[in-house]
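Subject: Structure handover

Hi,

Here is the model we talked about. Please look it over, then read my notes below.

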Amino acid sequence: MDGQSLQLDVSREEALAKATELIAAAWRSFDHFRPGQPPVGARMQALTALGLPEGPAPVLDVIDDAALALDESIAQPRPRYFAFIGSSALEIAVIGDALASCFDPNLAVYAAAASELERQAVDWVASFLGFPAEAGSFTSGGTISNVTALAAARERAIPGSRRHGMTGTKTAIYCSSESHYSVTRAAELLGVGSDGVRALPIDADRRLVPVEVAAAIDADRAAGIVPIAVVATAGTTLTGAVDPIDALADVCEPRGVWLHVDGAYGLPAASAPSASALFAGLERADSLTVDAHKWLFMPKACGVMLVRRRADLEAALAHEEDYLPHERDEPHAVDITLEYSRPFRALKLWLGFRAHGAAAFREAIERNLVQAQLLYAAVVAEDELEALCGPPPLSIVPFRHAPAGVADLDDHNGRLIQRLQEGGQVWVAPARVDGVVCLRPCFVNFRTTDEDVLALLDETRRIGRELALESA
Ligand SMILES: Cc1ncc(COP(=O)(O)O)c(C=O)c1O
């Protein structure tokens, strides 16, 4: 070890013991809600103002500072984090991340057992969801999964476009007006352009209308515009609506149009008996996106992208380079991925499935589905609360506080959410449904209890009433 400058100033065992102690304390603190979110304190402010350190600091102190930074951060694994679509960092997966970082295999080309295990984890995800995948990979998340799948769709619609570009050909992608913006991002990056995104109107259940999709495709074709793909969202980010996949496959198949299912948030619910019917026809899709760092309880980042035919991905992405010759039989991951160097993201999900079994994942998803129904029923039972959508198809429940006598309910609910965040008992973020400001809790955490869900109601009522009195 002599002569090496990047050495710890304590034994590895001491450093690890310190980290272990901090992780165990964090896990204990996630077992229950935390009454209040601490502000970023003076020490953290001073630390984050420091310039690049030229010399060393004691390792144990530095680890303590990291713990302080994390304690003063908004941590999604806490059981009352209901904003956006959280992640809950399953314990075995955290251990998987630490181990994967330590050995740091590169999943770019072929990393022996790690590559075999990624292939297996891809198969497990496919079988968990009921999708006949021939290939797929772990990605950094839904955005990259969507771009990857749509790159394959573009190459199928316009063979050779990856080489000669779009050469003036106008193209289009069809999705609902409530699809995730990453579909537009993909269109921009792939040369379709955001003008080529047909963000189609939705029905009363906020789902794509298949006849409208068919009409849009046919009208584009008649005008010389090439359809690249239909994107069905299986769990929209705003309300959890699931587009009708089977009926969209009926539109796509006879027209030879690629069907991609963006289930970054919602697809894990396809495994839950009470919700699986919503995803009928999934096996007919050409590709899908699912984020294990959302409703499969993994720490970020852990996206998964699956395709029905491996050749579609290879046609769009395979490369032969002098520094990457295809010498042996093993598959090159880079032939089917957008990224080159890739961390071993699959390990954590593989560990999760092995340590707990798929049934435990299904049960946890079912509990979140029931929690959304519980909240929805409580909201509709109360005069001063208003649900902005019908019964939740998945686990998002947009609602607002609407007491009599408050004139500007958007302002009231905006201030309410701010106060809720300041109070820190529950964590919600604002959203707008049809232009109406609301709370939009989303339940995707295995640690959330029914009591935590009802606490959201209590806090909303309590603070909402205070605000209403203040402005009366
Ligand atoms: C439906 C949907 N698609 C794609 C994404 C993007 O996923 P990521 O943040 O992992 O890139 C999200 C994120 O919330 C989403 O809800």
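How many of the residues of β5 are buried? The answer is 5 of 5, so much of the strand being covered that I start there, with "buried" meaning 20 or more other C-beta atoms within 10 Å of a residue's own (12 or fewer is exposed, in between is partly exposed; C-beta atoms are placed from the backbone).

Two points on the source. This is a predicted model: local features need pLDDT of at least 70, side-chain atom pairs count only at pLDDT 80 or more, and totals for chains, interfaces and linings use all residues. Residues are numbered from 1 along each chain as its sequence is written.

**Strand β5 and the sheet**

Helices (H or I, at least four residues) and strands (E, at least two) are DSSP runs, numbered from the N terminus. In β5, Trp258, His260 and Asp262 are buried on one side. Leu259 and Val261 are buried on the other. In a regular strand the side chains alternate between the two faces of the sheet.

β5 pairs with β4 in the parallel sense over 5 bridges; strands pair if DSSP finds at least two bridges between them. Val230 stands opposite Leu259 there.

The open sheet has 7 strands, in the order β1-β7-β6-β5-β4-β2-β3, and its pairing is mixed. β1 (135-139) and β3 (197-200) are the edge strands, each pairing on one side only. Neighbouring strands are turned by 20° against each other on average, direction ignored. Axes here are lines fitted to C-alpha atoms, for helices over the stretch in contact, and angles run from 0 to 180 degrees between N-to-C directions.

β2 (residues 171-176) and β4 (residues 226-233) also pair in the parallel sense, over 4 bridges. Within that pair, Ala172 has Pro227 as its bridge partner in β4. Helix α6 packs on the sheet and touches β1, β2, β4, β5, β6 (287-291) and β7 (303-307). Its direction makes about 20° with that of β7. Contact means C-beta atoms, placed from the backbone, within 7 Å.

**Core**

The largest nonpolar core has 127 residues. Such a core is a set of buried Ala, Val, Leu, Ile, Met, Phe, Trp, Tyr and Cys residues joined through C-beta atoms within 7 Å. Leu150, Ile173, Val230, Leu248 and Leu306 have the most contacts inside it. Helix α6 (residues 142-157) gives the largest share, 8 residues. Domain 2 and domain 3 both contribute residues, so the core lies between them.

**Domains**

The chain divides into domain 1 (12-76), domain 2 (105-347) and domain 3 (359-471). These bounds come from an automatic or database domain assignment. The C-alpha centres of domain 1 and domain 3 lie 31 Å apart. In their contact, 6 residues of domain 1 meet 5 residues of domain 3.

**Backbone points to check**

A cis peptide bond joins Lys300 and Ala301, with omega about -5°. Ala301 lies in the loop between α11 (292-295) and β7.

Ala89 has a positive phi, near 50°. It sits in the loop between α3 (59-71) and α4 (91-103). Ala89 counts as buried because it has 23 C-beta neighbours inside 10 Å.

Ala112 also has a positive phi, about 55°. Its loop runs between α4 and α5 (113-129). Ala112 counts as exposed, with 9 C-beta neighbours inside 10 Å.

Best wishes

Conventions: Two residues are in contact if their C-beta atoms, placed from the backbone, lie within 7 Å.
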